[in-house]
Amino acid sequence: MAAKTKKPTFYITTPIYYASGALHIGHCYTTVACDAIARFKRMDGFDVYYLTGTDEHGQKVQQAAEQKGMTPQAFVDGLAERIQKLWQRMDISNDGFIRTTDKAHEKAIADIFTKLYEKGDIYKSEYSGKYCAPCESFWTSSQLVDGKCPDCGREVQDTKEECYFFRLSKYADRVRKLLTETDFLQPDSRVREMVNNFIDKGLTDLAVTRTSFDWGIKVPFDPKHVIYVWIDALPNYITALGYGADGEKYKKYWPCDLHVMAKEIVRFHAIVWPAILMALDLPLPKRVYGHGWIMFGGDKMSKSKGNVVDPFILTDRYGVDALRYYLLSSMPFGDDSNYTSELLLSAINNDLVNDLGNLVRRTLAMSKQYFDGEVVKPQADERDAEYKSAIDALAEKVRADMDKPELNKALEKIFDVIGRSNKYIDANKPWELKKTGDTVRLNAVIYNLLEGIRVCANMLLPFLTKYPTRIFDGLGIAEPNDFKAAKYGAVKQFKTTEIEPILNRLDIKKELAELEAIANQAEEKEQTKAEEQELISIDDFFKSELRVVDIEACEKVEKAKKLLKLTVFDGERRRTIVSGIAMAYAPEELVGKKAALVANLKPAKLCGIVSEGMLLCSVGEDGIPRLVMPTGKAGDKIC
Ligand code: MSP
């Protein structure tokens, strides 16, 4: 017996998205595009591994969690679940989902860090730059706006912080060669951006740890340092396959065939990631593709109006196929393009309802009406040669576009055959053949149309997840798993039935008004929520138990620049309090002073210390909190 030939592998990835807020259709764009490629490759005979996931560590996530009064872990757990729900909704066929808080990932990152350190490619030094205390952010001089923090506009201070660096400069020549002498990075415009903006300017070593926050993977041999996002995030592409843990998947699928992301993070994928792999002596990915951005109409769209582009709302109203089709067809893959509701609605009406929907509806209706759905393969006829060859050529053309990948062009080719099919109906006028009784020709015309529809539906399977399946039901044949039958004449006989359209023609004006109403409702809801949050009742106020306390001892918190650890006496007992007041006081100044304590707060852990309450502060224009110091004796009620 001949040995079964092993399928070639194909490994494709999206970026891992930050678990700091809800995802929008921009994130859907990358994920749906990779999904279409993954589905195409599976149907084309490849053993595909499609990976996506979430980037869950870092200061921003920690801050977002704090704002919601949650622990970072509970916060990212909720978001990771919501993100996975979104991918289920979008019919994403990912094989793996990695979270950077997965224990296996955390261990692998700590090992990678140690390995690079032992090799000398990571070293400890000092980061010097500008520091914005309220934002806890470091900036270089060139990042400042008018000499001030680009985020909050406040004064910055010169600072030095001990941190670890990755020796990126050592790999500059090899990375330059990779970008300029191979097809590693696409499209070409991205290569020019990388070379001109970064490589030609000289690659400097990259700071890869921080000590100003602690939500992240600790440096195993120096745990006051937290491994900074990119060194934690980029290796997800190998840790997800079990790299470092004897992963079978790693052996099978690495090196990656295609990393896809938008242009703003190409630098990390095309420069930093290959350099890390070079330092680890691992094979490099075969291709990195940096696509363009979906823009949301410049500054016209307010943040809350962003709700109209909430993928859950759009798919509730128009279905998954509509949103997938719009995302994949509307923009040239490498370029930016603007999102507007009008463009989405016109794509639905013009392409899905008019062109495809009408073709399917008319053809199945004629098949039913003229032949009770039974249509057989006819003799070849010269008159149909052009239409048939367009059908025959389709799979190859789509394959060529998918390989680039130019997904919108692949869809254009399919819709070109759909357009020709509609023209073929108009040119052959089946209703007249019926009138003149030319049943043989009538059968041939309907058969050819059914074949055109079948091959188009076959080629649409990677892009749309609902409509093609329904079309195969209508054609009365099993949905294919591959493209082997995507040729004219593969079916000998059809037994068709009529099907419900997947989408009906939309009244664009009405839809726009309704989308606008949804956006306004969302805006109002946000506002009411904010107002409700701002105003509290007297009962709410009296829920807080405020007391005068004596500060008996105070010391610095080693890992946190902004925190002090205090021992206070509340009239009954001593408590430990961690407070963000280190920018205003030296610890010894506070001993013997009085403070106002919120005494009935749930204890919270800050930098590993359990804080049993909170001290009231005033925050001035400089953003620095200073204690409210009441009179009275320890234990007095404040109201
Ligand atoms: N966590 C990092 C990536 C680490 S990968 C090792 C990150 N996350 S992100 O949540 O900000 O996602 C950025 C990516 O989301 C973009 O590169 C792109 O793939 C996708 N997009 C987000 N908004 C987009 C648009 N408006 N348009 C197109 N893609 C968009 O960066």
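1. Let's start with the surroundings of Val320. Setting aside neighbours within four places in sequence, Val320 is in contact with Arg89, Met90, Asp91, Thr315 and Thr465. Please keep in mind that this is a predicted model.

2. Val320 belongs to helix α12, which covers residues 320-330. With a relative accessible area of 9%, Val320 is buried. It may also be worth looking at Tyr467 here: Val320 and Tyr467 are separated by 147 residues in sequence, yet their C-alpha atoms are 9.7 Å apart in space.

3. Now to helix α1, made up of 19 residues, 25-43. From first C-alpha to last, α1 reaches 26 Å, close to the 27 Å expected at 1.5 Å a residue. After α1 comes Gly45, which has a positive phi, near 95 degrees.

4. How many of the 19 residues of α1 are buried? The count is 16, so α1 is largely enclosed by the rest of the structure.

5. With a disulfide taken as two cysteine sulfur atoms within 2.5 Å, the count comes to 0.

6. Are Cys34 and Cys163 buried or exposed? Cys34 has 0% relative accessibility and counts as buried. Cys163, at 1% relative accessibility, counts as buried too. The cut-off for buried is under 20% relative accessible area.

Conventions:
Residues are numbered from 1 along each chain as its sequence is written. This is a predicted model: local features need pLDDT of at least 70, side-chain atom pairs count only at pLDDT 80 or more; totals for chains, interfaces and linings use all residues. Side-chain values use heavy atoms; hydrogens and water are left out. Helices (H or I, at least four residues) and strands (E, at least two) are DSSP runs, numbered from the N terminus. The expected span of a helix is 1.5 Å times one less than its number of residues. Buried means under 20% relative accessible area, exposed over 50%, partly exposed in between (1.4 Å probe, protein chains only). Contact means heavy atoms within 4.5 Å.
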